[in-house]
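Here are my notes on the model, point by point. Please read them with the structure open.

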Amino acid sequence: MTHSVVISSLKIFAVDLIGRVLFWPLWWYSFGLRQLITSLASVVLEEEHRLGVALWWRNLFVPMYGQYDWEGRIISFVMRLFVGIGRTLLLVLWLLIVLAVAAVWIAAPIAAGYFMWRNLAYYTAIPWLVAPYGA
Amino acid sequence: MAPEPKIPPLVTAYRCSTCGGTGITGASWCSTCRGRAVVGRQGDWLLYWGRAIDDWHLRQRHVFAIAEHAVLTLLLCFAALGAGGLLWELSRANQTGYPLWLFWRRESVWMLAFWMSVLSDSYLVYHFAMQLSKIRHLPRRAAREAEPSPLPDRWEEAAKVPRARQFDLAQFYSEPAISAVEKAWLLARRGNHQTVAPLHLLVAILTFSSTAEMFVRLGVSFDQLRRRIIKLLPRYAVPTGDRLAMSAELREVLLAAYAQAFIGRQKKVDLPELLEACVKTSELVRELLYDLSVDGDKIANVTVWLRVQREQRERGHQYRRKAAYRSKHSGVNRTMTAVATPFLDHFSQDLTQLARVGLLEPCQDREREVAEMFRVLAAGARQNVLLVGNPGIGKRAIINGLARRMVAEEVPPMLQDKRLVSIGVARLISGVSPSDAQERLLHCLAEAQRSGNIIIFFNDITKMVGITPGGGAALDLAGALAQAMTQTGLQVIATALPADYARYLENHALGQVMERVAVEEPEVNAAIQILEAKAGPLEAHYQVFFTYDALAQAVTLSSRYLHDRFLPEKAIEILDETAVRGLNEKGRQANVGGQDIARTVSEKTNIPLTDVTQKEGEKLLRLEDDIHQRLVDQEEAVAVVSAAIRRARAELRDTRRPIVNLLFLGPTGVGKTELAKTVAAVYFGPGSEMIRLDMSEYQEQSSVNRLLGAPPGFSGAGSGGYLTEAVRRRPFALVLLDELEKAHPEILNLFLQVMDDGRLTDAAGRTIDFTNVILIATSNACTPTIQRLVGEGMAVPEIKEQLMGGELQQHFRPEFLNRFDSVVVFKPLGHKEVRQITRLMLAEVGERLATKGIALAPTEAAIDELAAAGFDPQYGARPLRRVIQERVDDVIAIKILRGELQRRDTIVLDIGGSVTIKKPAVL
């Protein structure tokens, strides 16, 4: 009895595993990609909140520390301009990182497949691939 | 027997009529229900347990789990190999001077491994994401929607639900909960039992370490429970010939656990819900735990407590994350428009800053007050909040909670990015004249207004009223504040006590610019929840564990017996004190239970509250004998009083009235007051005093003022009444109203309310609680009649009946007499009783002499002589004390002063007042 349970369970498991492997590429470029984009967007939004980029630009003409005289206004305008630019750049940097992650997600399986083939070809000596990149 | 749950279930269970809810008929699946056995209806939805639990499926899942682990381990190893391969290739490239960023161009076996591992990595990501997406959470339908529309009575109709509205409830079970059900099966299999019952599930639940905490909170010892279960389990070993299957009752438990989780708005059905369902559904489990004083409600409360703790921890993490956004520098807001406030900072404390670093605790269960506060701050004519409430009910906790919410930005927009700053009035006025203090205040307010991001908080704002810099019409500090608030629009939050608010603020300019938000004392349940939140830090500090009983008792006992203070503070203090004692007496990791709390409250109030021990029980059962050691005869009176004390101690009395109201009738000197004193000593402990009112002093109607306190405007107003103040200070005492018949009838009317409702309102408007007093009134009314009837040989009960029917009503109104639990007639003393009293009194003299090392030995003849001299039919035993003083005490005093008496001497008292001294043998 025990033996038959183990064998039949392993059979079911194998069939299940094949099904899962077949679904994997489909998931990667549909549900998985959507999940990734959602979580990356929340990362960017949270970072925006932490840096307060919009807040700084909105208050560009509001004097800092209650200095309502014209010297105060000029100084704080300049200050806010610089800080605003700095924070915006930081946010852009974050955006780039996030985009890079998304790009890696999209490219990874295709690139892996392509380079696996290349490396295999290198060892199986397919002529037009032996010396790649024109070397 | 344990009480059955009263609330109708959210999920109605139906057993299959063919198989009776077991899912099998003989050796095969039931053809009617196809193994579903029991289904539940939640409104239009059909629930069933769809996870097969039997040997074959358990083994299959086991094999699956092993195979799954093997595949994953393989993939993880491959991922590591790929990463290693890349590193190796990079280091080789580095050595040969190959540009590292072009690593992907390299070709080698290591790079092949790396690229393959990229694929396996992405499969792992896919696998775990799929695992996460498989987690199903309980539907968040409103409980209302799920309420049963008229439900069918029978299985056949109940099971007729479209497939789209049927679901398997096992998918909402957490992993430990599923594992508990499987363990229950295995337990039954190992014990060769015929059915898997809720008791098996209970045992399975107990094997999880996470439930251990629950049982600590329930105050149940594991050993006790284990012993009882071991006794019960063999009942399932009776062979029935059927194969092992889940019982219908267990299936109902599984449905009920789902309902519990649904009601508790849980994401999953977890072990606490299973346990609760076990208790609520299975009578056997209910009886078993009820025997250990655990019922369904208690489990539900403990479950809620553990849930609250878990949520608190989660919220704590969230809070810390959100608090990190706030500037570390006090006074700087995110837009940097705020101005530095050095002067204000000197006189104040930045509560938001304290909250940011985690020094302020979150506020529990004050959503209504907080919402009202937000509403006032956001809109309305007066945008300033005055929290009015009694001391200790949590006004500061609300403010601390507000500061935390401001830090986490969980506040309406007008409070976002602002500081809550508390100005200390004491600091403001210390060391300077009122005019300087006013200048300081105005300076602070000006700074706050200029900064523009400050909400000011004053604790107990009434302290500012009446601090006037000049004479007469000059504005006081509070007036100046009110003016500044109106002119600048500065927002202020403050607290005040209700009495102070009524006295100082209601008609003051400051009261006019602030909106009053009443903070009420929390209800018992809310207070328990507050204590649940407080218990964690206390436990961590004192290294003890509180059971749920401890918390519940701290709230119920303190609200019942500590009247001059308020919840939750008084309960927290009781908990704190008990924790210290628990640590000192039992050591670390000890359990603090309801009995420990009762002991603390007992010690504070001097009233016995702990469970009656065997020794005390015996003492209470022979109370009459104990009383008779101090009091001669008066059997009926002693019996009535003893019964009342036993009722009170066994907590069978009505707690809305005094412990007992008694009227002692009888001639003077028969022991009425003596019995009262004895009762006080027995119930309230030795040395406790009585509150004694000689009612002959209250013959005028105006003497009500002396009892309740003079009304405002009269002399002595505010100092409280004699009776009300005495009971307010000592709510557990014996109140003795001596010579009641002499009091003015209006005064007697006052006691109607005391005897009926157990409370009295004094002149200051405070309600004084009389529910823990023993009220005894004595009266000499009808003495001649009693004496005459006793002389005629009538029995005491008949005398009482005759008096109640006629003569007594000339002195007291019938409704007044009706309020007494018992009217006790004391019969006049005869020679025999007086002789016994003489013996008792001489024994008292003997006790006093014993402290000097001298013994007293009266002869029988001397006792007879003293009794005869001290007895007066009219005054009872009262003259006896005088006779003993003159004939015994005085004579002995002279002998002591003359130096005739030495230690170890014995005084022999004989007839005719002769006193001889017997010297002891020389050592």
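1. Two residues count as in contact if their C-beta atoms, placed from the backbone, lie within 7 Å. Helices (H or I, at least four residues) and strands (E, at least two) are DSSP runs, numbered from the N terminus. Axes are lines fitted to C-alpha atoms, for helices over the stretch in contact, and angles run from 0 to 180 degrees between N-to-C directions.

2. This is a predicted model: local features need pLDDT of at least 70, side-chain atom pairs count only at pLDDT 80 or more, and totals for chains, interfaces and linings use all residues. Residues are numbered from 1 along each chain as its sequence is written, and chains are lettered from A and ligands numbered from 1 in the order in which they are written.

3. Chain B holds an open sheet of five strands, ordered β18-β19-β22-β17-β23, with parallel pairing. Strands pair if DSSP finds at least two bridges between them. β18 (690-694) and β23 (822-825) of chain B are the edges; each has a single partner strand, so one side of each lacks a neighbour in the sheet. The twist averages 20° from one strand to the next.

4. β18(B) is joined to the parallel strand β19(B) (residues 734-738) by five bridges. Here B:M690 stands opposite B:L734.

5. Helix α28 of chain B (residues 672-684) lies across β17, β18, β19 and β22 of that chain. Its angle to β19(B) is about 175°.

6. Helices α4 (residues 175-190) and α5 (residues 198-206) of chain B pack at about 120°, axes 8 Å apart. B:L187 in α4(B) and B:I205 in α5(B) are among the contact residues.
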